[in-house]
Amino acid sequence: MKIGVLVNEGPYQHQASDSAYLFCRAAIEAGHEIDRVFFYHDGVNNATRFTEPPQDDRNVVVRWAKLAEEHGVDLVVCVAAALRRGIVDDVLAKGFRISGLGQLVESAIRSDRLVVFGD
Amino acid sequence: MEAGSVRKFMFVNRKAPYGTIYALEGLEVVLISAAFDQDVSLAFLDDGVYQLLKGQDTKAIEEKNFSPTYRALEDYDVDKLFVERESLEARGLTPADLLVDAKVVPAAELAALMDSTDVLISF
């Protein structure tokens, strides 16, 4: 199955990003395809490479970046939501790219399911 | 799905218009999906019904009053607006309090509408 994913919350403050990541990993392991992960609202804060959690905690940003590197998952950050929150190309972690909301709608159209993670 | 295909999108608005940014940024997605010529409908429930309240005045909180955008949705061919009756009644509101012509439906009917939708996005 081809699956699009929408992440609406930032890292650490909210579990949405963790749940989305674990869902993506499980879906890939089960043989499904993650068409794209789209980051919206405070979800854009998942993309900043300046995130430095304590050593004994999981690194949410690096985890997403690894998923992109190992499985070619397309990580897209909404440009309008990003600009509002100071997320620009210079602060992006590896594997993320900034683009428009059309990328979310496009993924929703061509995927079998769109799964939303947020409040 | 093939390129050029039309899917049924439903945007579920559950939060008050101010206090958090969900309603404002959610509306942006509605407008973009309409530009993709999709079959778009909106549902308002829980505190989301406040998004459609007449006479919003945001001067005192120094935020943009974006409620006129709901009236402009028709220009984007988005004219299927549903309001959950239970949410409206629980807040002491009636259809006359709303700034758009939305269809008030009971929760069970809204659930059936959601069931017949391809893409459900909740903000």
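Predicted model: local features only at pLDDT ≥ 70, side-chain atom pairs only at ≥ 80, totals over all residues.

Reader: Which strands are joined by three bridges, and do they run parallel or antiparallel?

Author: Two strands are taken as a pair when at least two bridges are found between them. Here strand β2 (residues 33-39) of chain A and strand β3 (residues 75-78) of chain A are joined by three bridges, and they run parallel.

Reader: What is the order of the strands in the open sheet?

Author: The five strands of this open sheet in chain A follow the order β4-β3-β2-β1-β5, with parallel pairing. Because β4 (96-99) and β5 (113-117) of chain A each have a single partner strand, they stand at the edges, and one side of each is left without a neighbour in the sheet. On average, neighbouring strands of this sheet are turned by 25 degrees against each other, direction ignored.

Reader: Which strands does helix α4 of chain A touch?

Author: Helix α4 (residues 102-110) of chain A packs on the sheet and touches β1 (2-7), β2, β3, β4 and β5 of chain A, while its direction makes about 155 degrees with that of β2(A).

Reader: How many residues of chain B are in contact with chain A?

Author: Contact is counted between residues whose C-beta atoms lie within 7 Å. In this model 14 residues of chain B are in contact with 14 residues of chain A. On the chain B side, α1(B) gives the most, with six residues, and the residues of that side divide into eight nonpolar, three polar and three charged.

Definitions and conventions. Residues numbered from 1 in each chain as written. Chains lettered and ligands numbered in written order. Helix = DSSP H or I, 4+ residues; strand = E, 2+ residues; numbered from the N terminus. Axes fitted to C-alpha atoms, helices over the stretch in contact; angles between N-to-C directions. Contact = placed C-beta atoms within 7 Å. Nonpolar A, V, L, I, M, F, W, Y, C, P; charged D, E, K, R; others polar.
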